[in-house]
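Take a look at the chain, then read on.

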Amino acid sequence: MPDASPRGLLALRGLLAGEIRGYLRRAVELESMEASACARLLAGRHVATLFFEDSTRTRTSFAIAAQRLGAHVVDLSVATSSVNKGETLVDTARNVEAMGVGALVVRARQSGSAALIAGALRVPVINAGDGRHEHPTQGLLDALTIARAHGRGDFDLSGLSVAYVGDLASSRVARSGIAALTTLGARIVGVGPPALAPDSIRALGCEVSRDLDAVIPGVDAVVMLRIQFERHDAGGGAPDTRKAAAIASVREYRTLYGLDASRASRLKPGAVVLHPGPINRGIEIDSDVADGPRSLILRQVSNGVLVRMAVLERWMR
Ligand code: NCD
């Protein structure tokens with residue numbers, strides 16, 4: 001049953017600052033709410049997680065968020081789903097909807113698939129990452145983490161500068177993060193070689209730089225991204241060929257764009273380091289930085305549960 005206005009959280013691009021702040025404010029409220037009160041909010045409801053692409057962190061985070069709100073979680077992993085038998089994404093989602101779930105959390109390889117599914121369903125769909133398009137709850141958790149680190153309890157990020165470093169071209173994390181952070185008033189610079197941070201990403205509302213060393217001293221937060229080799233050649237090809245197409249060599253990439261202790265020491269006092277995970281230690285970020293005092297990587301994970309609670313509550317109540 002196609003619906004003219006799909007329900008759910010599909011993207012952050014296009015949301016108003018007030019809507020983004022609403023999620024973040026609620027995430028903070030839910031954090032200090034008593035566990036038993038929280039567990040009444042969605043008691044007896046069902047949330048289905050439908051992941052057509054690998055994930056550990058995001059799927060677990062949504063499951064914990066739903067459980068803290070009192071909902072039951074039905075997890076449909078790719079290996080057990082009928083997608084392997086040729087059933088389409090939409091058919092699978094319709095079947096899950098027909099079983100009476102209150103929301104579907106969807107991750108898929110194709111950009112736009114969350115919107116496609118939402119358009120065919122009545123229940124709300126939460127996009128947990130669709131191809132290179134968006135990963136809205138990651139954008140919200142990054143905004144929450146940066147706002148809290150800089151004492152912006154009102155979620156007004158004016159005057160803050162944030163660098164996204166690395167594979168912006170493939171990154172739904174960067175797309176959603178840039179949408180949220182610019183809407184809240186921050187200035188964003190995308191940093192990387194032309195193959196990973198092409199000039200066309202300016203259309204997202206950010207600046208572009210090829211020079212991480214020049215950018216480092218001027219930013220309040222730096223978000224390091226994994227090189228997503230698996231997205232560089234949708235048509236397949238040997239991993240080495242793909243690597244060669246994206247960057248000249250991993251060693252050269254690390255020298256120019258990796259965040260090591262020496263680069264991190266040139267950050268402003270108070271500047272923080274984020275990474276959505278999974279981390280490639282020794283490539284885009286060194287262990288002493290990832291585990292160091294400026295790193296908010298685990299804080300991001302904790303904040304992720306809170307924003308996902310806020311999102312599920314907003315769409316299921
Ligand atoms: C990211 C993703 O899947 O888009 N990770 C995540 O959600 N924790 C980033 C990545 O895969 O590099």
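How many helices and strands does the protein chain have? The count is 13 helices and 10 strands. Keep in mind that this is a predicted model.

How far can you trust it? The average pLDDT of the protein chain is 92, and 91% of the residues reach at least 70.

Now for the overall build. A compact globule of 317 residues would have a radius of gyration near 20 Å, so the 19 Å of the protein chain agrees with that. Here are some whole-chain values:

| Property of the protein chain | Value |
|---|---|
| Span of the C-alpha trace along the principal axes | about 55 × 45 × 35 Å |
| Residues that count as buried | 53% of 317 residues |
| Accessible surface | about 13,200 Å² |
| Share of that surface on carbon and sulfur atoms | 53% |

The chain also reaches across its own sequence: among contacts between residues at least 6 apart, 73% join residues at least 24 apart.

On to the inside. In soluble globular proteins, nonpolar side chains tend to be buried together. Here the largest nonpolar core has 63 residues, and L9, L24, L140, Y164, L181 and L312 touch the most other members. Helix α13 (residues 297–316) is the top contributor to this core, giving nine residues. Leaving aside neighbours within four places in sequence, L9 has contacts that include L15, Y23, V125, L140, V311 and W315. There's also a second, separate core of 25 residues, with A163, V191, I247 and V289 among them.

Definitions and conventions. Residues are numbered from 1 along each chain as its sequence is written. This is a predicted model: local features need pLDDT of at least 70, side-chain atom pairs count only at pLDDT 80 or more; totals for chains, interfaces and linings use all residues. Side-chain values use heavy atoms; hydrogens and water are left out. A nonpolar core is a set of buried Ala, Val, Leu, Ile, Met, Phe, Trp, Tyr and Cys residues joined through side-chain atoms within 4.5 Å. Buried means under 20% relative accessible area, exposed over 50%, partly exposed in between (1.4 Å probe, protein chains only). Helices (H or I, at least four residues) and strands (E, at least two) are DSSP runs, numbered from the N terminus. Contact means heavy atoms within 4.5 Å. pLDDT is the predictor's confidence in each residue, from 0 to 100. The radius of gyration is taken over C-alpha atoms; the globule rule is 2.2 Å times the number of residues to the power 0.38. Accessible areas come from the Shrake-Rupley method with a 1.4 Å probe; for residues, only the protein chains shown count as cover.
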